[in-house]
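I opened a new structure today and kept notes as I went. Here is what I looked up, entry by entry.

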Amino acid sequence: MSLKITLKSNERLIVGGAVVRNGGKGTVLFIENTVPILREKDILGEKDTTTPCKRVYFTIQLMYIDEPNVPNYVKAYSELATEILKAAPSTRTYIEQLNERIEAGNYYQALKLAKNLIEYEEELLKNAN
């Protein structure tokens, strides 16, 4: 069964590691095999990794789209997660859930959970000021 994706004008997505941009009006794509896919709204650029939790998201994103280098990204993630836990022990539940997904190789699910971690970080930062 194909995955049907409707793209808006100039919307980007990553398909199997390649960045694709819709150049015209709305377009419908059918992805007919299993490959990593990220829509533009879920893509975090390296320049946007301005907080520790955003760096975690970006690292998991790389795990998802760049399978050959997963061991390097897992190491980087582990170091980031340790730093976050030291700075904010209240993130333990989020980090444990991420660890479970990453250990199981469920990087897309980990990305979804990492969004929750970013939201929590934003709340912590807002309350700290």
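Predicted model: local features only at pLDDT ≥ 70, side-chain atom pairs only at ≥ 80, totals over all residues.

**Helix contact and pocket**

I noted T51, P52, C53, E83, I84, A87, A88, T91, E121, L124 and L125. I sorted the lining by class: seven residues are nonpolar, two are polar and two are charged. I looked up the volume of the largest pocket, and it is about 170 Å³.

Then I turned to the helix pair. How do α1 and α2 pack? I read an angle of about 160 degrees, and their axes lie 9 Å apart. Angles over 145 degrees count as roughly antiparallel, so α1 is roughly antiparallel to α2. I also recorded the crossing of α1 past α2 as left-handed.

Which residues make the contact? On α1, I wrote down P52, C53, R55, V56, T59, I60, L62 and M63. On α2, I wrote down V70, Y73, V74, A76, Y77, L80 and I84. By class, I have 13 nonpolar residues, one polar and one charged in this contact.

I cross-checked the two lists. P52, C53 and I84 belong to the contact of α1 with α2, and P52, C53 and I84 also line the largest pocket.

Last, I stepped back to the whole chain. I counted four helices and five strands. From the N terminus, I read the order as β-β-β-β-β-α-α-α-α. I noted that the C-alpha atoms fill a box of roughly 45 × 35 × 25 Å along the principal axes.

Notes:
Residues numbered from 1 in each chain as written. Heavy atoms only, no water. 1 Å grid on protein atoms, 1.4 Å probe; cavity = no way out; pocket = protein on both sides within 12 Å on 5 of 7 lines; lining within 4 Å. Points joined across faces, edges and corners; volume = space filled by probe spheres on them. Nonpolar A, V, L, I, M, F, W, Y, C, P; charged D, E, K, R; others polar. Axes fitted to C-alpha atoms, helices over the stretch in contact; angles between N-to-C directions. Helix = DSSP H or I, 4+ residues; strand = E, 2+ residues; numbered from the N terminus. Parallel < 35°, antiparallel > 145°, perpendicular 65-115°, else oblique. Left-handed = near helix turned anticlockwise from the far one by under 90°. Contact = heavy atoms within 4.5 Å.
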